[in-house]
Amino acid sequence: MRGAPSRTVTCYVCGSKFTVHQKLVVTKRDTVVQPDPDACPFCDTPLKTIGPLGEGEAKGLVLLAAGFPDEVKAYGKPEDYLEEFTLTEKDVDTLVELAEGLDFAAWAQDNAERLARRKNPRVQAVSRFLPKLQTQMENGALPARLRQAAEHVKDVYRARRKRHLAIFEKRQKQQ
């Protein structure tokens, strides 16, 4: 069995570059591929990668912040969602800006076209939920909730960054 090739990663906290290998770990039940190392060797920041942020992630965030049941069940709170889909404070700002800039009329039109081609219970449920989203966006409740979640996550990221940069600086002095 062959694992995925090694790749060079840049730490999102200290900026160090290091190589991550894919290690095959055999257990009694199956074989699992794990990254090695699983944290930055310079500052101990856990290895995490995200995809590009786009409209899909923004839609998920506003649905969750407005209380759409499927999103709440899958992700819990907007803070959890932001932590799952972002790495840095800049990523958080980008995702919130995308969410606040969503075009609800275009979203409704896209859903109508999708439903005309094929019935989909989730798309139907989102379509019924869109007026509530738009109302919450217009009355300021949704942007306020997004900003509140963003500030919480950015505080968490600042504390994490401070902690891991201290480790980085300590290790640099030891060399």
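Residues are numbered from 1 along each chain as its sequence is written. In this predicted model, local features need pLDDT of at least 70 and side-chain atom pairs count only at pLDDT 80 or more, while totals for chains, interfaces and linings use all residues, and side-chain values use heavy atoms, with hydrogens and water left out.

Student: How many aromatic pairs does the structure hold?
Tutor: Rings of Phe, Tyr and Trp (its six-membered ring) pair if their centres lie within 6.5 Å; planes under 30 degrees apart count as stacked, over 60 as edge-to-face and the rest as tilted. By that rule, the number of aromatic pairs is five.

Student: Is the pair of phenylalanine 68 and phenylalanine 129 stacked or edge-to-face?
Tutor: The ring centres of phenylalanine 68 and phenylalanine 129 are 5.1 Å apart. Their planes stand at 65 degrees, so the pair is edge-to-face.

Student: How many residues apart in sequence are the parts that phenylalanine 68 and phenylalanine 129 tie together?
Tutor: Helices are DSSP runs (H or I, at least four residues), numbered from the N terminus. Phenylalanine 68 lies in the loop between helix H1 (55–65) and helix H2 (69–75), and phenylalanine 129 lies in helix H6 (residues 121–138). The pair therefore ties together parts whose separation in sequence is 61 residues.

Student: Which helix holds both phenylalanine 104 and tryptophan 107?
Tutor: These two form a stacked aromatic pair, 5.9 Å centre to centre with 20 degrees between the planes. Phenylalanine 104 and tryptophan 107 are three residues apart, about one turn of the helix, and both lie in helix H5 (residues 104–117).

Student: Is tryptophan 107 buried or exposed?
Tutor: Buried means under 20% relative accessible area, exposed over 50% and partly exposed in between (1.4 Å probe, protein chains only). Tryptophan 107 has 5% relative accessibility, so tryptophan 107 counts as buried.

Student: Which helix gives the most to the lining of the largest pocket?
Tutor: On a 1 Å grid over the protein atoms alone, a pocket is an open set of points with protein on both sides within 12 Å along at least five of seven lines, and lining residues have an atom within 4 Å of a point. The lining includes Glu71, Trp107 and Arg122. H1, H5 and H6 each supply at least two residues of this lining. With four residues, the helix that gives the most is H5.

Student: Is glutamate 71 buried or exposed?
Tutor: Glutamate 71 is found in helix H2. Its relative accessibility is 6%, so glutamate 71 counts as buried.

Definitions and conventions:
On a 1 Å grid over the protein atoms alone, a cavity is a set of points where a 1.4 Å probe fits but cannot get out, and a pocket is an open set with protein on both sides within 12 Å along at least five of seven lines; lining residues have an atom within 4 Å of a point.
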